[in-house]
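User: Can you walk me through this structure? I'd like to start with one residue and its neighbours.

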Amino acid sequence: MITIKSRSDLEKLREAGRVAAQALELAGKSIHPGMTTYQLDKILHDFIVHSGATFLGYGGFPASACISINEEIIHGIPSRHRVIKAGDIVSVDVGATLNGFVGDNAATFPVGDVSQEALDLLAVTKASLFEAIAAAQVGARLGDVCHAVEAYCSERGYGIVREYCGHGIGREMHEDPEVPNYGKPGHGVRLMPGMTFCIEPMINQKGDAVRVLKDGWTVVTANGSLSAHFEHEIAVTKDGPVILTRP
Ligand code: MG
């Protein structure tokens with residue numbers, strides 16, 4: 001069931017979204033070659049707690065942020081043994097629960113000098129997110145939003161992760177509806193004011209096949225190609241889509 005949020009719910013979601021977005025912004029400023037993913041997670045965890053929010057261990061995940069490097073798509077587990085290097089692209093997915101409402105966002109950051117191919121992947125993935133947000137208008141269909149990601153990325157030859165997707169969000173991190181990164185225009189739920197969901201393209205340089213590592217969490221591209229992930233939490237309003245994850 002899709003929950004419709006009241007004005008006061010939306011205000012609380014915006015506050016949770018602000019903490020999540022500030023944590024993501026802090027990740028971008030903090031990442032540097034030589035640091036471990038554990039150190040980065042610790043910085044974000046401390047910030048979230050200091051903001052009066054929580055996020056540790058969501059769904060049994062053993063850290064506050066998912067940190068996924070290069071061919072890792074999502075759910076990378078922060079580790080004292082994993083060192084971030086110049087030339088890496090690092091996806092950080094971090095959220096915040098504040099006053100009973102959840103903020104959730106993600107971005108992929110280039111570290112030092114990265115290849116042009118990597119920069120192109122980041123640019124296309126991020127642009128596809130904004131294409132999808134623009135499609136989230138009252139009266140449009142969910143399929144229009146999902147299709148926007150698929151059309152933008154597949155036209156450019158990139159692979160679209162199909163096993164994982166965006167989601168409704170509110171008091172729970174994962175609510176209805178599912179928001180895949182592919183879909184049919186004109187199909188699916190009709191969008192109404194007060195709907196809130198996360199759109200999160202996970203886009204591979206080549207191919208769409210994925211596999212999960214033995215740790216049971218980390219999802220990687222099956223062929224080892226790079227992958228990028230950008231996510232915003234948005235609200236559908238009569239004045240157009242509003243991004244709730246703004247710092
Ligand atoms: Mg999400």
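User: What does Leu191 touch?
Analyst: Leu191 touches Ala135, Ala136, Gln137, Val138, Gly139, Ala140, Arg141, Leu142, Val145, Phe197 and Val236, leaving out residues up to four places away in sequence. Contact means heavy atoms within 4.5 Å. This is a predicted model: local features need pLDDT of at least 70, side-chain atom pairs count only at pLDDT 80 or more, and totals for chains, interfaces and linings use all residues. Residues are numbered from 1 along each chain as its sequence is written, and side-chain values use heavy atoms, without hydrogens and water.

User: Which residues touch the most other members of the largest nonpolar core?
Analyst: Val92, Leu191, Phe197 and Ile199 do, in a core of 62 residues. A nonpolar core is a set of buried Ala, Val, Leu, Ile, Met, Phe, Trp, Tyr and Cys residues joined through side-chain atoms within 4.5 Å. Buried means under 20% relative accessible area (1.4 Å probe, protein chains only).

User: Which element gives the most to this core?
Analyst: H3, with eight residues. Helix H3 spans 116-135. Helices (H or I, at least four residues) and strands (E, at least two) are DSSP runs, numbered from the N terminus.

User: New topic. What is the strand order in the open sheet of three strands?
Analyst: The order is E5-E9-E12, with antiparallel pairing. Two strands pair if DSSP finds at least two bridges between them. E5 (159-160) and E12 (227-229) are the edge strands, each pairing on one side only.

User: And what is the bridge partner of Ile160 in E9?
Analyst: Ile203. E5 and E9 (residues 202-204) pair over two bridges.

Notes:
Buried means under 20% relative accessible area, exposed over 50%, partly exposed in between (1.4 Å probe, protein chains only).
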